[in-house]
Each structure stands twice: as C-alpha cells, then as structure tokens.
Amino acid sequence: MRWEAFLAQVQERGEYASAQEAERAARVVLALLGAHLVGAERAELAGCLPETFELILLNPLPAVEPLDPERFVRATAAWIEGATEETAKWDVSAVLSVVADAAGDDLMRSVLLQLPPDYDLLFGRPRRV
C-alpha cells in the first residue's frame, strides 16, 4: 500500500483534520503493535504497509509483557500528547482497521493468534462465533 493511500484512509476513518495527525497516530499504534508480534506474521504484516510504517512495525521497542486491549489503548494514550483513553481508542481503531484491510483475512487470523483475546475488536474484525 502506498504512503498517501494509507494515510488518507487513516485520516478518513479517524476523522483527523490533517495527514500529520493521522501519521502521528499511525506511528504510535504501529510501534506498540510491533512490540507484540514476532516472526513471519510480523514480517508479512509489515510488508503490507508503506516502507516507513513497515520499519516502525519491524523495529519496535521490546514489550515487557503482552498488553491486553485495554492496556494497549492506555499505552497509546500515554504516547500521544493530549490524548485520553477515549481518543486513543479512536486512534487505535482508525489505524488498525486500515492495517487489517491491507493485510487481508488470512494474515489477520494469524496475527490475531499472537495477540491477547479481544484484539479482533481493535482491528474492527470481531470474531464470528
């Protein structure tokens, strides 16, 4: 996916006033996500993203422990100046739903297996029972 297209989709879904706001959210969310993924799935997911975001996903700071979805949102809020948990939930959803679309269903199933329960909701891909 091209840089402009990725950011335009994040900007639209997040209803951001500028591409810079969308980029800020994408950088934070992808850095946190990258810390929770390993192996072929992380590499394959990164390959679906524009190069700058690919590098962010592939070179995160290591996570001490997996964050459940609520803590992931709180961590996002902590990294985005002026964010609250509610706005961070919006940021996470805007970015991860675009990532999920870029990845496709098969890769997303593999990615979600690496993450704690309920991340499917953050990606906008609720598991079907």
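Me: What do the values rest on, and how are residues numbered?
Reply: This is a predicted model, in which local features need pLDDT of at least 70 and side-chain atom pairs count only at pLDDT 80 or more, while totals for chains, interfaces and linings use all residues. Residues are numbered from 1 along each chain as its sequence is written, and side-chain values use heavy atoms, with hydrogens and water left out.

Me: Why is T76 called buried?
Reply: Buried means under 20% relative accessible area, exposed means over 50%, and partly exposed lies in between (1.4 Å probe, protein chains only). T76 has 0% relative accessibility, so T76 counts as buried. T76 lies in helix α5; helices are DSSP runs of H or I with at least four residues, numbered from the N terminus.

Me: What is T76 in contact with, leaving aside its neighbours within four places in sequence?
Reply: Contact means heavy atoms within 4.5 Å. On that basis T76 is in contact with V28, V29, L32, A88 and V92.

Me: What makes F123 buried or exposed?
Reply: The relative accessibility of F123 is 0%, so F123 counts as buried. F123 is placed in the segment after α8 (119-122). Its contacts, apart from neighbours within four places in sequence, include L33, L96, V99, M108 and L115. S97 is another contact of F123; these two residues are 26 apart in sequence, with 4.7 Å between their C-alpha atoms.

Me: How do you know that R13 and D101 form a salt bridge?
Reply: A salt bridge is a side-chain nitrogen of Lys or Arg within 4 Å of a carboxyl oxygen of Asp or Glu. For R13 and D101 the N to O distance is 2.5 Å, so the pair meets the definition. The pair links distant parts of the chain: R13 is in helix α1 (residues 3-14) and D101 is in helix α6 (residues 85-103), 88 residues apart.

Me: What other salt bridge does D101 form, and with which residue?
Reply: R125 forms a salt bridge with D101, with the closest N and O atoms 3.1 Å apart. Here too distant parts of the chain are linked, R125 being in the segment after α8 and D101 in helix α6, 24 residues apart. R13, D101, D105 and R125 are linked in a network of salt bridges.

Me: Why is D101 called partly exposed?
Reply: D101 has 37% relative accessibility, so D101 counts as partly exposed. R13, at 33%, is partly exposed, and R125, at 25%, is also partly exposed.

Me: Why are R109 and D106 described as about one helical turn apart?
Reply: R109 and D106 are 3 residues apart in helix α7 (residues 105-114), which means a separation of about one helical turn. R109 forms a salt bridge with D106, the closest N and O atoms being 2.3 Å apart.

Me: Why is E15 called exposed?
Reply: E15 has 63% relative accessibility, so E15 counts as exposed. E15 is found in the loop between α1 and α2 (19-34).

Me: What makes the phi of E15 worth a remark?
Reply: Phi of E15 is near 50°, a positive value in a residue other than glycine. Most residues other than glycine have a negative phi. D118, in the loop between α7 and α8, has a phi near 80°, also positive in a residue other than glycine.

Conventions. Helix = DSSP H or I, 4+ residues; strand = E, 2+ residues; numbered from the N terminus.
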